4 protein chains.
Amino acid sequence: MAIMHRDDELTQDHFNTMSLGENRYPTPLKLSAGFFRMGERVLYNNVIGPEGLVDSHVRSFERPGPAKLLHFDPSEVVIGIVTCGGLCPGLNDVIRSITYSGLDAYKVKKVYGFRNGFAGLTSGEDDVVELDHAMVHNIHEQGGTILGSSRGAQSVPKMVDCLQEWRVSILFVIGGDGTQRGSTKIAEEVARRSADIAVIGIPKTIDNDISFIQRSFGFDTAVEEARRAINAAHVEATCLKNGIGLVKLMGRDAGFIAAHATLASGNVNICLIPEEPFNLDRLFQRVEHRLRDKGHLVIVVAEGVGQELLNSDGYLSFDESGNPRLKDIGPFLKANIASYLDERKMPHAIKYIDPSYLIRSTPANGIDSSFCLQLGNYAVHTGMAGRTNCLVGYWNQHFCLVPISLALSRKQTVDVNSSMWRSVLEVTD
Amino acid sequence: MAIMHRDDELTQDHFNTMSLGENRYPTPLKLSAGFFRMGERVLYNNVIGPEGLVDSHVRSFERPGPAKLLHFDPSEVVIGIVTCGGLCPGLNDVIRSITYSGLDAYKVKKVYGFRNGFAGLTSGEDDVVELDHAMVHNIHEQGGTILGSSRGAQSVPKMVDCLQEWRVSILFVIGGDGTQRGSTKIAEEVARRSADIAVIGIPKTIDNDISFIQRSFGFDTAVEEARRAINAAHVEATCLKNGIGLVKLMGRDAGFIAAHATLASGNVNICLIPEEPFNLDRLFQRVEHRLRDKGHLVIVVAEGVGQELLNSDGYLSFDESGNPRLKDIGPFLKANIASYLDERKMPHAIKYIDPSYLIRSTPANGIDSSFCLQLGNYAVHTGMAGRTNCLVGYWNQHFCLVPISLALSRKQTVDVNSSMWRSVLEVTD
Amino acid sequence: MAIMHRDDELTQDHFNTMSLGENRYPTPLKLSAGFFRMGERVLYNNVIGPEGLVDSHVRSFERPGPAKLLHFDPSEVVIGIVTCGGLCPGLNDVIRSITYSGLDAYKVKKVYGFRNGFAGLTSGEDDVVELDHAMVHNIHEQGGTILGSSRGAQSVPKMVDCLQEWRVSILFVIGGDGTQRGSTKIAEEVARRSADIAVIGIPKTIDNDISFIQRSFGFDTAVEEARRAINAAHVEATCLKNGIGLVKLMGRDAGFIAAHATLASGNVNICLIPEEPFNLDRLFQRVEHRLRDKGHLVIVVAEGVGQELLNSDGYLSFDESGNPRLKDIGPFLKANIASYLDERKMPHAIKYIDPSYLIRSTPANGIDSSFCLQLGNYAVHTGMAGRTNCLVGYWNQHFCLVPISLALSRKQTVDVNSSMWRSVLEVTD
Amino acid sequence: MAIMHRDDELTQDHFNTMSLGENRYPTPLKLSAGFFRMGERVLYNNVIGPEGLVDSHVRSFERPGPAKLLHFDPSEVVIGIVTCGGLCPGLNDVIRSITYSGLDAYKVKKVYGFRNGFAGLTSGEDDVVELDHAMVHNIHEQGGTILGSSRGAQSVPKMVDCLQEWRVSILFVIGGDGTQRGSTKIAEEVARRSADIAVIGIPKTIDNDISFIQRSFGFDTAVEEARRAINAAHVEATCLKNGIGLVKLMGRDAGFIAAHATLASGNVNICLIPEEPFNLDRLFQRVEHRLRDKGHLVIVVAEGVGQELLNSDGYLSFDESGNPRLKDIGPFLKANIASYLDERKMPHAIKYIDPSYLIRSTPANGIDSSFCLQLGNYAVHTGMAGRTNCLVGYWNQHFCLVPISLALSRKQTVDVNSSMWRSVLEVTD
């Protein structure tokens, strides 16, 4: 799908951000002297080896901020916002922050929300809603997105038609990697038409699996809620003879939530993530050993674990109506662990919890809300400055701009040599 | 199973509590003058009709409290506690309250916990744990039960042997109706042996379905947690085109949690409980109508709904490993609603949440904790006074004693003519 | 202030509810056969003594419900709602429930909210807001009251002028005892003018101190929040040498919150309520004894404790700007305990927490929300049936109507001979 | 107090960590090939200017991790832990992590906790407690510190005597800047005696004000709890005419909590931090203007604000017993704003909330727990490797070692030119 670069193949070109063109409108923001220097950049690699600078290329991300000269005339700017894909804590915070920043700081003309994901960019005016203070004032206290969401691609020319029809200057696309692939296509079509529309992606990934984005909004909240589910599983497990609590968490390609919720809970005995090879027999042995030793255990499994096994072994699970369904690792593990223990005549009780919807629909917690608010502010600065086809990311403690092509060039996954993962192993072994 | 009495067939005899025999030991409690008058009773029926007293029988429950003369010599008393069946918020609170009340107020000799439900009364000393202040001090802040639990019957003679072996004077059995059936058998076997052992049941029913018990511990906490799940379903539903949130809640025979969580949430459009006849076609129509009207809806279903349908129509669902499984209404509804809408070419997205384990493993909330503490105190007063074969219940705002035979004579269910249910209908229609 | 009746001086007359007059409009509600029988009543006393019926008078409350014939023509009804006094969890739930019940069940013409308490009934149209579905849909998820509140009396004739000007048929007054004294005066002025306006009080008392109202909305939520503060005080106390956590809770005349939060927390060592005589020396001794024994303690004090002492001893505390202030028991205790321990050269650290605003501004928890919704429904039934000058209360497990004059005839306080208070003493001693 | 270096005066020498001496014991940890390279370092400055590398010195922190060769023989190691100063969410998590890492990963001989802060290092064996799995298993679910805490210095020689007496090899000191000043003195006395004891500081600062430590444990949890208090103030303010919610938050020198809680809440209108000059008249004008405009407002003030004013103007407030007290900005503001508005005949109601104890006694939230667990692991690696007189910090997304002298050389404060602060100004103006 994406061209995978090895880290040392990446050049500074991969990190450079695209601009729409000249900046000539003075910002309406009062910028104090020391505030922000255009052109600052954030180093990609801030670890140096014993032998000196590891990263000979000294690659860096552009650092966003309020420019003195803007690409767009604020009084003419129409902002569009669209939210795509699955829910994630903080969506409403970001919508609110963009709206406030646009209307209050830059005094833009209008802020429109397009409803129901990209579909709202092709479906006519019923799906366009003007956002103002009254409408967004309290929304950060609710989960979900007031704009609604959907999955799936739409006709790119139609979407750009829509942007032009509504005279959108800056489109903010809040969504995951699939969505941002769409953002890039929109930006390319915009370029093809020589239209003057900035396309700014806000990376939304509850799994934290978008590359070059160390922190994505909603993740901290998700860890907190995941911990609740794990602790419930722990209570159930400890109250039963050979009780097993099994919790499936989000994470198709990346086990960050599983890993951090394991660290947060302190009650997990086995944590399975997609980044580690999965071996069913070894799992059975660990389960049996732990039950014989302690009489109960808690397993956390990221949803992406064992997909190769589910496929290659021709395993089929069944959905709730009896139809074959592929690849749901949670019930698969529940059934197989039960069979294994039944064969060994070990009485047991497995309590399986799938808290995904409870996690993703939660309102953002405090620090996530704070992060979302800043993220929205940065996004608006970036759009007003005429950057396009990039994500507003966070790297080594600074907000930064990541070209969408770079972000999509690979998946971010848990480094199993990292000390974070080492801590997981220590706390679960 | 149980002899069902119509309400007007119940006589005062059904309400009278059994005693072990003479009370002759002065209580060590300092009882102030006005505190408690032995022999007070709580009216069963406290509503009178326009024509005057409805309840001509004037039946009443015994009101428990600290007796001046005890049946047992406190300094010789050994208390036993056992927790059976599924988890429920507040189990640890009750264990703690009984332990404190026994050790501190009555200065009893010992408090033992028998582990893993009734199994702990047949399995030897590894499953017996002495409870003291240090052990129970903080346990009310955790969900579950520190004693563990199990389901299923055990040999009654063996259990009474165990009680005699450990010289237990009062056995507190915390569990649901199945469990209390066991309590009665233990009490009967105790009587057969002319042993001097009180058996006091503490009704545990997260569904609130034990008769003659208006308030059971953990219920308020369960409603709170159920509301969380409903609100998550609501967020999911409102963020999707024709989004449907479907939440299955506890309630095999009684829809109290579903009803109160519906009232609490304010976001439920259809609430299905076992007490109302279930009609699939009517459900489909309500779903379709609501989607066409508003574009999203939330359904709450108690687990006991539609069992006759699932059986009589020969419907089989499949468990997670592909084996047939009977009677899980949640996935059944999910699948059938999806089929119905698919046939009508209505795009939709159903998000199904089963929060049961999260609900039952939660620690008790404040008011439940307060209730549990008092419940444990009353239970100890009741046992010390030599009552047996009864539950410590709550009726018309007072704690009361309910003979187990009375409590088991029928199930408590939601009165669909009650104003509570009327409120549910109003808020969901 | 109020005429205090001894319990046995109350006659049935005191319990009877006033009506506006004839009921002749058929209800628009579909009432199933078994639903509700007009004229049912709830016994005041449902405890009988050993010698038989204690309450020879058999006094009873009217039981509210949806009448078949209404006093008002629903299509002409204008509902008014006003919220007065301090905040309490659940205010918005009640406003929402009345609005929904009026508009949806009875299809009334209008629902108005008068803003800022009784002041909104005298201040002109800026303070009148029409309530509809969109406005109240989500309000139960926020604390406080969307109508705002205020304290203090207003001109009764002016308020009735206002009701007549806005053609209000039923006024719902949500407030405490001071407020309901105003409700009575409004009802009396209405009667004087022979106007056809029902005045229905909804008792709001976070302290639970309104008589003949066993359960008032927001109380359970308040206990939960109070427990949080107590547990914080406990953590602080246990982490310091001779650490003392001191928590002041609501309760001018009644210590219900202090008592139940003490039971809920399990971490309180001394619980002071206004109903018990307060002795400073005895408190000092208990504090010293506990510190020498365990090294830390937690004290909960209801705000009404020790007022006589603060006054009679001429003690003045100072407010935050140095002005004398009367009667804040929290800082008084903090200062005096500190002095006492200083004199005895006992090092110590007192952490004082006043969580009142945090408690009262919280949204209602699940079971409180469920209660508020039903309370609002009952209130509307009651008004439509033409009852007036009464509160919608809750007694012995049933909603009931309480004449305001009866409710105001005395304060409800903690019965220090009750087993609830006995449990507090056991758990704190 | 401390020598303040300007940033460009700091040389690499300031960043270098001290070691006790030779490392010769092989680690018992299984270290996979790619895991950790000794000698890696984290750049101090990872932002480069438009003109190229800003930080010509290329200063860097040592990066900690599990060394292949240890300074101490693990089987002989005795670990000591002490917690000092005020409470902070996560203390127990860190204690638990160090204990687990010591006992399980490194198989050290013993882990001792010294109770009640540094006092426990001088007060004899009653204050020494051996920590094992059973003791620390659940402690992360409680707030506070199981070891207790205290403030104030102790005799350094006596403390080192104590360490030697208990044969402590590594002392972990969890505390703020005052405490770490003590750690340095202990390390110096250890060096003077040529003893072989590592002193590792774990920076604890709920205010986030320790320099060169970008993230300190408990901060995220504190922001969440602070938000709760702000939202309560907001509810109170909006329900009253000219309602003012005033919340004092932690932050003597640094307004990080105030700033982030403001961003998190979205309901704050004025945020006052010590880093900004404080002008009372300007505050009055902002308050008056906002009240006239909107009728309510919320002010957040960090405790360190306006100290110069409180002192230089000779203003005295009074404590709860009427004695003069210096410098409590919360009541000062409450009183002065009230006077100002009274003079202008503006009716108003100020609700003042001081949630500090509620914030600091809370258990760590999920992501803080995860952070604490890793922090403890790193601390143990660092001690086993023989580093000393340093803190385990976090900088630019990596754990790092910070010489205590460097950390104490200045305070970390909010950069009022940062975009974070800019976001605060935008959201409050």
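In this predicted model, chain A can be laid on chain D by a turn of 180 degrees. The shift along the axis is 0.0 Å, and the RMSD is 0.0 Å. Of the residues of chain A, Asn396(A) comes closest to this rotation axis. Its C-alpha lies 2.3 Å away. Both copies use the same surface: 100% of the contact residues of chain A recur in chain D.

Chains B and C form another such case. A rotation of 180 degrees, with 0.0 Å of shift along its axis, superposes chain B on chain C. The RMSD here is 0.0 Å. This is the relation of a two-fold axis. In chain B, Asn396(B) has the C-alpha nearest the axis, 2.3 Å from it. Again the same surface serves both copies, as 100% of the contact residues of chain B recur in chain C.

| Chains | Rotation | Shift along axis | RMSD |
|---|---|---|---|
| chain A on chain D | 180 degrees | 0.0 Å | 0.0 Å |
| chain B on chain C | 180 degrees | 0.0 Å | 0.0 Å |

Now to the inside of one chain. Chain A is divided into two parts: domain 1 covers 7–217 + 364–407, and domain 2 covers 220–360. The C-alpha centres of domain 1 of chain A and domain 2 of chain A are 36 Å apart. The two domains do touch: 13 residues of domain 1 of chain A are in contact with twelve residues of domain 2 of chain A. What classes of residue make up the side of domain 1 of chain A that touches domain 2 of chain A? That side has six nonpolar, four polar and three charged residues.

Methods
Residues are numbered from 1 along each chain as its sequence is written. Chains are lettered from A and ligands numbered from 1 in the order in which they are written. This is a predicted model: local features need pLDDT of at least 70, side-chain atom pairs count only at pLDDT 80 or more; totals for chains, interfaces and linings use all residues. Copies are superposed by least squares on the C-alpha atoms of residues with pLDDT of at least 70 in both. Two residues are in contact if their C-beta atoms, placed from the backbone, lie within 7 Å. Domain bounds come from an automatic or database domain assignment. Ala, Val, Leu, Ile, Met, Phe, Trp, Tyr, Cys and Pro count as nonpolar, Asp, Glu, Lys and Arg as charged, and the others, Gly among them, as polar.
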